[in-house]
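Below is a walk through one protein chain, to be read with the sequence and the coordinates at hand.

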Amino acid sequence: MGTLLSHPTNKSVVFFAHPSNPTERRRGALYRSDTAGQTWSKPLLIGEGNATQFAYSSLSYVPATPGSAAPSADRIGLSYETWAEGCQEYAPACAIDFVTLPTKW
């Protein structure tokens, strides 16, 4: 259920997003590795921490400038399934959210 994204030119840099709550699909977190996955940063929490449902996700680089194909070195995009107003109680994720995040924190 986690998502990996490699840096386009430096393959030692890898990002990983997943729900970090051990029992529920909540508390989305983004991690960065500068060692090809051998060690990981502290998590960058997504949304409102443990209250935010975080199901399937996808990571991508954001263009450096609008209309450009070149990826930004500073920002990545994350889309993920989440809960939204109007979802049935205890229903699976019924909305998709998109955020841009820094590549360093």
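Which residue in E6 is the bridge partner of Pro63? The partner is Pro71. Before that pairing is put in context, note that the model is a predicted one.

The secondary structure of the chain consists of seven strands and zero helices. The chain has 105 residues, of which 35% count as buried. Among contacts between residues at least 6 apart in sequence, 43% join residues at least 24 apart.

E5 covers residues 57-63 and E6 covers residues 71-82. Together with E7, they form an open sheet of three strands in the order E5-E6-E7, with antiparallel pairing. E5 and E7 (95-102) are the edge strands, each pairing on one side only. From one strand to the next, the twist averages 25°.

Four strands, in the order E1-E2-E3-E4, make up an open sheet with antiparallel pairing. E1 (3-6) and E4 (44-45) stand at its edges; each has a single partner strand, so one side of each is left without a neighbour in the sheet.

Within this sheet, E2 (residues 14-19) and E3 (residues 28-33) run antiparallel and are joined by six bridges. Two of the residue pairings can be traced directly: Phe15 has Arg32 as its bridge partner in E3, and Phe16 has Tyr31. On to the next strand, E3 and E4 also run antiparallel, with two bridges joining them. Here Ala29 has Leu45 in E4 as its bridge partner.

The loop between E2 and E3 contains Asn21. With a relative accessibility of 13%, Asn21 counts as buried. The side chain of Asn21 is involved in two polar contacts with the backbone. One reaches the backbone nitrogen of Thr23 at 2.8 Å; for the other, a polar atom of the Asn21 side chain lies 3.0 Å from the backbone nitrogen of Glu24. Asn21 is also 9.4 Å from Phe54, C-alpha to C-alpha, although the two are 33 residues apart in sequence.

Now to the packing of nonpolar side chains. In soluble globular proteins, nonpolar side chains tend to be buried together. The largest nonpolar core here has 13 residues, and those with the most contacts inside it are Phe15, Leu30, Ile46, Leu59, Ile76 and Leu78. E2, E5 and E6 each supply at least two residues of this core. E6 gives the most, with three residues. What does Ile76 touch, leaving aside its neighbours within four places in sequence? Its contacts are Leu5, Phe15, Leu30, Leu59, Ser60, Tyr61, Val62, Val99, Thr100, Leu101 and Thr103.

Aromatic rings are the last topic. A pair of such rings is described by the distance of the centres and the angle of the planes. The structure holds three aromatic pairs. In one of them, the rings of Phe15 and Tyr61 have centres 6.5 Å apart and planes at 75°, so the pair is edge-to-face. This pair links distant parts of the chain, with Phe15 in E2 and Tyr61 in E5, 46 residues apart. Phe15 and Tyr61 are both buried. Phe54 and Tyr80 form a stacked pair, at 4.8 Å centre to centre and with 25° between the planes. Phe54 lies in the loop between E4 and E5 and Tyr80 in E6, so this pair ties together parts 26 residues apart in sequence. Phe54 and Tyr80 are likewise buried.

Conventions:
Residues are numbered from 1 along each chain as its sequence is written. This is a predicted model: local features need pLDDT of at least 70, side-chain atom pairs count only at pLDDT 80 or more; totals for chains, interfaces and linings use all residues. Side-chain values use heavy atoms; hydrogens and water are left out. Two strands pair if DSSP finds at least two bridges between them. A nonpolar core is a set of buried Ala, Val, Leu, Ile, Met, Phe, Trp, Tyr and Cys residues joined through side-chain atoms within 4.5 Å. Buried means under 20% relative accessible area, exposed over 50%, partly exposed in between (1.4 Å probe, protein chains only). Contact means heavy atoms within 4.5 Å. A polar contact is a pair of N or O atoms within 3.5 Å; within protein, one must be able to donate a hydrogen and the other to accept it, and residues adjacent in sequence count only if both atoms are side-chain atoms. Rings of Phe, Tyr and Trp (its six-membered ring) pair if their centres lie within 6.5 Å; planes under 30 degrees apart count as stacked, over 60 as edge-to-face and the rest as tilted. Axes are lines fitted to C-alpha atoms, for helices over the stretch in contact, and angles run from 0 to 180 degrees between N-to-C directions.
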